[in-house]
Each structure stands twice: as C-alpha cells, then as structure tokens.
Amino acid sequence: MSAETSAAASGQFTRRRLQFRAWRGTRPFWGGLFTMLGGFLILYFPYAHLQLGHLTMTMGTPGGSSSLIIGALLMVLGITLWFQLHTRVFAGVAAILLALVSIPLSNIGGFIVGFLFSLIGGAMAVAWAPGAPPQPQPPAEAAPGEGGAPQTAEPPLQYPDAVESNDLSGTSPANGANGRHSAG
C-alpha cells in the first residue's frame, strides 16, 4: 500500500455518498423507508419466536396469513416509492390503507409500531413533491454606474388622478357600481 491509496479510497466513499444523497433527494426516500420498516414489523411479529429465559413463545394466530400479505405488500410499496416516482400518490394512499387494515387483521398492526411506521411513510409519500430544477443564473453584467458613484433609485411614478383603493371586487362607488355585484 502506498500513501495515495487511502486518499483514493476516501474520495471514492465521498463520491458514492454524494451520489446516494443526490439520488435520495429526487424521490420520497424516507416515506419508502418508513413504509418498508412498518411492513417488516407487521410481517415479523406473527412469525417471531420470542424467548423469555428457557420459555419460547410463538405468536401463532389466524392473523399470520393476513400479516404475511399486508407486510409483503407494504414492503413492495416501499420499494415502489423508491423506483417508480410517478406512482407515489397511489403507493402512499395504498400504504395508508394497508396500515389501517393491519390494525384488526394482524396483531394490532404489528403492536402499533408497524402501523405507525407504515402510516407515516404513506403520508410522507403522498405529501412529497418533486422540487423544481434550479434555474441558471444569468451572468453578472456591468452596471451602468460602475464608476464608483453610488446609484440613486428612481422615484416611483405618481399619478395624481389615481384613486388609492384596496377593493379588488370592482364594486367601488367610485366606478359607478353602487356597491352591487354584476352577475353577468
């Protein structure tokens, strides 16, 4: 190994991290992650073998099949949120509905935790909107008074005949409408 090897490796890491950050910023990343995590929790609890000392507890319930279906669908919706941006509203609403359905069908929605993660993830997906692309800045041109003298602002144009009014309805007595709206 040489002294340059570690610098190249950290540059590679930094470049990959910045690429991931740019990719993450163009999609509802956190909504998808929360949805997948909620789906995993809903899927996990009915099939988990919990041990308390030498006692093994299993959650073998009739809700196991519905937990499998709901959890798998939520995980697929989370992946869909990452890779299919045009379906984000559908996937978000579907995640919210599946989270609500998981309460009575699969162990109180993964003991409320899976339900909350899925609900928040779906809401984040529905609320996410793509940002506008940055507008290119025009090149800075030389100002007309660049000789060192300060520029003075032009006074605003004043029209003595103009009536100052905040009434935007067009029913001001000044324009002859006599306070009544015109219905067409």
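Where is the place of Ser66? Ser66 sits in helix 3 (residues 63-83). This is a predicted model: local features need pLDDT of at least 70, side-chain atom pairs count only at pLDDT 80 or more, and totals for chains, interfaces and linings use all residues. Residues are numbered from 1 along each chain as its sequence is written, and side-chain values use heavy atoms, with hydrogens and water left out.

**Overall layout**

- The protein chain has six helices and two strands. Helices (H or I, at least four residues) and strands (E, at least two) are DSSP runs, numbered from the N terminus.
- Along the sequence, the pattern reads α-α-β-β-α-α-α-α.
- Of the 184 residues in the protein chain, 24% count as buried. Buried means under 20% relative accessible area, exposed means over 50%, and partly exposed lies in between (1.4 Å probe, protein chains only).
- Take the contacts in the protein chain between residues at least 6 apart in sequence: 68% of them join residues at least 24 apart. Contact means heavy atoms within 4.5 Å.

**Helix 2**

- Helix 2 (residues 29-44) has 16 residues, which should span 22 Å at 1.5 Å a residue. The expected span is 1.5 Å times one less than the number of residues. The end C-alpha atoms of helix 2 are 22 Å apart, which agrees.
- Buried residues in helix 2 are Phe29, Gly31, Gly32, Thr35, Met36, Gly38, Gly39, Leu41 and Ile42.
- An α-helix has 3.6 residues a turn, so residues three or four places apart point the same way.

**Helix 2 against helix 6**

- Helix 2 and helix 6 pack at an angle of about 155°, and their axes are 7 Å apart. Axes are lines fitted to C-alpha atoms, for helices over the stretch in contact, and angles run from 0 to 180 degrees between N-to-C directions.
- The two helices, helix 2 and helix 6, are therefore roughly antiparallel. Angles under 35 degrees count as roughly parallel, over 145 as roughly antiparallel, 65 to 115 as roughly perpendicular and the rest as oblique.
- The crossing of helix 2 with helix 6 is left-handed. That term applies if the near helix is turned anticlockwise from the far one by less than a right angle; clockwise makes it right-handed.
- On the helix 2 side, the contact is made by Trp30, Gly31, Phe34, Thr35, Leu37, Gly38, Gly39, Leu41 and Ile42. Helix 6 supplies Val113, Gly114, Phe115, Phe117, Ser118, Gly121, Gly122, Met124 and Ala125.
- By class, this contact of helix 2 with helix 6 has ten nonpolar, eight polar and no charged residues. Ala, Val, Leu, Ile, Met, Phe, Trp, Tyr, Cys and Pro count as nonpolar, Asp, Glu, Lys and Arg as charged, and the others, Gly among them, as polar.

**Helix 4 against helix 6**

- Helix 4 (residues 88-105) and helix 6 (residues 113-127) pack at about 160°, with axes 8 Å apart.
- Helix 4 and helix 6 are therefore roughly antiparallel to each other.
- Their crossing, helix 4 with helix 6, is left-handed.
- Helix 4 makes the contact through Arg88, Val89, Gly92, Val93, Ala95, Ile96, Ala99, Leu100, Ser102 and Ile103.
- The contact of helix 4 with helix 6 has twelve nonpolar, four polar and one charged residues.

**Three buried serines**

- Ser66 counts as buried, at 15% relative accessibility. Leaving aside neighbours within four places in sequence, Ser66 is in contact with Leu105 and Ser106.
- Ser66 and Pro46 are 20 residues apart along the chain, and their C-alpha atoms are separated by 9.8 Å.
- Ser102 is in helix 4 and is buried, with a relative accessible area of 0%. Beyond its neighbours within four places in sequence, Ser102 is in contact with Ile42, Ile70, Ile108, Gly109 and Phe115.
- Ser118 lies in helix 6 and is buried at 0% relative accessibility. With neighbours within four places in sequence left aside, Ser118 is in contact with Phe34, Thr35, Gly38, Gly39, Ile42, Leu74, Ala95 and Ala99.

**Positive phi values**

- Most residues other than glycine have a negative phi.
- Phe111, in helix 5 (residues 107-111), has a positive phi near 55°. Phe111 counts as partly exposed, at 38% relative accessibility.
- Ile112, in the loop between helix 5 and helix 6, has a positive phi near 65°. Ile112 is partly exposed, with a relative accessible area of 39%.
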